[in-house]
Amino acid sequence: IFSMVSLVFLGFVADCFSMGSQLSKAASAASAFMAGERRGLYGGLVGVMFAVSSLELYLEYRAYRQSGRHEMSPEVKSLVTAEEFLKAKEYSKDQHQLRMVRLIYDTAVNMATLRFMLLPRLWRWTYRTASGFLWFRVQDGGMTHSLCFVGVLTVLMLTEIPWELYSTFVVEARHGFNKLTLREFCRDTLKSKAIQLALSQPLFALVIWIIESCGEYFYVYLSSTIFGISFVMSFVFPTLIQPLFNKYTPLEEGALRAKIESLARQVGFPVGKIFVVDSSRRSTHGNAYMYGFWKNKRIVLYDTLLEQLKDDDELVVAILGHELGHWKRSHVWKECTIGMSSITLLLYCFKWVNTSDVLMNLFGFHVEATARRPVLIGLMLFLVFVWEPVDKIISLGLNILSRKFEHEADAFAVHMGYGESLRTGLLRTCIKEKGEVDPDPLYSLFHDSHPPLVHRLRYIKEYEQRAAKKAD
């Protein structure tokens with residue numbers, strides 16, 4: 001299958017380079033510009049994008065094939081029943097099947113977009129439309145032109161809704177997770193798109209202004225700004241945005257609250273408030289997280305998680321013990337530092353591309369025809385065609401590091417005396433969530449920030465045994 005796909009792609013590339021005279025003047029100019037070395041560069045960049053998509057498709061296929069294998073190892077048999085195992089496999093199979101179809105669709109759309117120069121055409125159409133509708137002068141390639149283009153792309157993202165509908169009302173509903181009605185889905189979608197549009201405009205304006213105004217060291221200022229915005233949004237999102245979709249109520253007084261507060265005091269976590277969020281309105285998936293700064297930290301529990309573990313408060317406390325392990329070991333700050341370092345590296349590399357017109361001219365955005373260099377377009381092309389394979393490698397490294405952090409957090413919970421409860425809680429939530437206990441190892445390595453459940457339970461048991469030997 002992949003050989004045939006590769007042959008089709010090579011045929012497309014050959015055809016793409018030979019059809020310049022049949023396109024518009026912009027496409028013809030781009031075809032002429034891509035002669036010789038630059039034609040090879042164009043083909044190489046498109047080939048890299050196709051290779052990344054092919055890798056993703058291969059990983060999804062591996063995971064899909066793994067979900068069709070129903071043999072249970074002795075270790076898995078000791079954890080789940082055959083019925084629970086098969087239910088998890090069916091859920092995973094439906095998810096990976098949908099993702100494969102979407103990957104093929106997205107790759108076809110991306111190739112069509114390149115072949116027919118749709119992005120440059122949309123860019124020029126946005127300029128003409130904005131110039132005709134707005135009462136002030138719109139500079140070609142300027143700030144207003146770029147922000148209007150961002151708005152158009154945000155609206156075009158509505159094409160993702162059919163996939164979300166199928167995922168929510170077919171896949172999730174088939175396996176008993178979806179609680180949304182169509183009306184609630186539409187309302188949530190409108191809210192999220194409106195928020196996305198409202199936030200993206202000033203943020204993109206700030207990015208463009210910093211790149212254009214701060215000279216050759218813009219990457220230092222921009223990465224610092226991104227860090228600051230991320231820092232603020234980590235508090236703004238759960239405090240102001242998330243309550244627009246869910247209701248947060250304080251955890252009632254009782255044994256569970258007392259145990260959580262006792263654990264927080266024991267590890268020195270300055271918890272201010274403990275909330276329960278009504279996630280059961282939309283789904284039966286459970287979760288828990290913490291947020292906040294300094295002495296104003298908060299714990300949030302999904303009501304679905306409390307339902308999954310309702311017969312034993314110790315299981316909830318054990319899972320929170322794991323989360324507190326991340327805080328105690330400074331995992332969040334370590335990941336933030338690495339993440340910001342990768343963003344700084346990204347912007348530093350973009351600095352060298354931003355000084356050249358080659359990338360934009362290759363894809364039909366002719367700088368010489370504009371009064372102002374379109375920084376947004378250069379950044380977008382750099383992220384898609386140059387940085388994406390680098391990002392895959394960085395993401396793989398972050399996944400490996402995240403798995404190490406998960407084991408450290410598990411060890412912290414064991415050290416606090418919650419080893420057995422943590423193993424029971426993780427296993428029970430995995431069964432309720434229909435999670436695979438033995439996913440495809442290569443797919444899991446690229447996509448899962450947490451180790452497979454079988455590995456986690458094995459390591460937790462080893463931690464318990466080592467702790468018991470030290471105690472003796």
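F227 and F231 sit 4 residues apart in helix α10 (residues 218–241), so about one helical turn separates them. The two rings form a stacked aromatic pair, 6.4 Å centre to centre with 25° between the planes. Rings of Phe, Tyr and Trp (its six-membered ring) pair if their centres lie within 6.5 Å; planes under 30 degrees apart count as stacked, over 60 as edge-to-face and the rest as tilted. The model is predicted: local features need pLDDT of at least 70, side-chain atom pairs count only at pLDDT 80 or more, and totals for chains, interfaces and linings use all residues. Residues are numbered from 1 along each chain as its sequence is written, and side-chain values use heavy atoms, with hydrogens and water left out.

**Aromatic pairs**

- F227 counts as partly exposed because its relative accessibility is 36%, and F231 is partly exposed at 26%. Buried means under 20% relative accessible area, exposed over 50%, and partly exposed in between (1.4 Å probe, protein chains only).
- F269 and W327 form an edge-to-face pair, 5.1 Å centre to centre and 85° between the planes.
- F269 lies in the loop between α11 (255–267) and β2 (271–277), while W327 is in helix α13 (residues 313–328), so this pair ties together parts that are 58 residues apart in sequence.
- F269 is buried, with a relative accessible area of 5%, whereas W327 is partly exposed at 29%.
- The count of aromatic pairs comes to 22.
- One aromatic cluster consists of Y217, F218, Y219, Y348, F350, W352, F382 and W387.

**Overall fold and size**

- The protein has 19 helices and 4 strands. Helices (H or I, at least four residues) and strands (E, at least two) are DSSP runs, numbered from the N terminus.
- The C-alpha trace spans about 75 × 50 × 50 Å along its principal axes.
- Of the contacts between residues at least 6 apart in sequence, 75% join residues at least 24 apart. A contact means heavy atoms within 4.5 Å.

**Surface and charge**

- Of the 472 residues, 42% count as buried.
- The protein exposes about 24400 Å², and carbon and sulfur atoms supply 63% of this area. Accessible areas come from the Shrake-Rupley method with a 1.4 Å probe; for residues, only the protein chains shown count as cover.
- The mean positions of the 53 positive and 47 negative charges are 3 Å apart. Lys and Arg count as positive and Asp and Glu as negative, with His and the chain ends not counted. Each charge is placed at NZ of Lys, CZ of Arg, CG of Asp or CD of Glu.

**A buried aspartate**

- D188 is in helix α9 (residues 182–213) and counts as buried at 11% relative accessibility.
- Leaving aside neighbours within four places in sequence, D188 is in contact with L180, F245 and R282.

**Positive phi angles**

- Most residues other than glycine have a negative phi.
- S330 has a positive phi near 60°. This residue lies in the loop between α13 and α14 (331–354) and is partly exposed at 33% relative accessibility.
- K434 has a positive phi near 55° and is found in the loop between α17 (419–432) and α18 (441–447).
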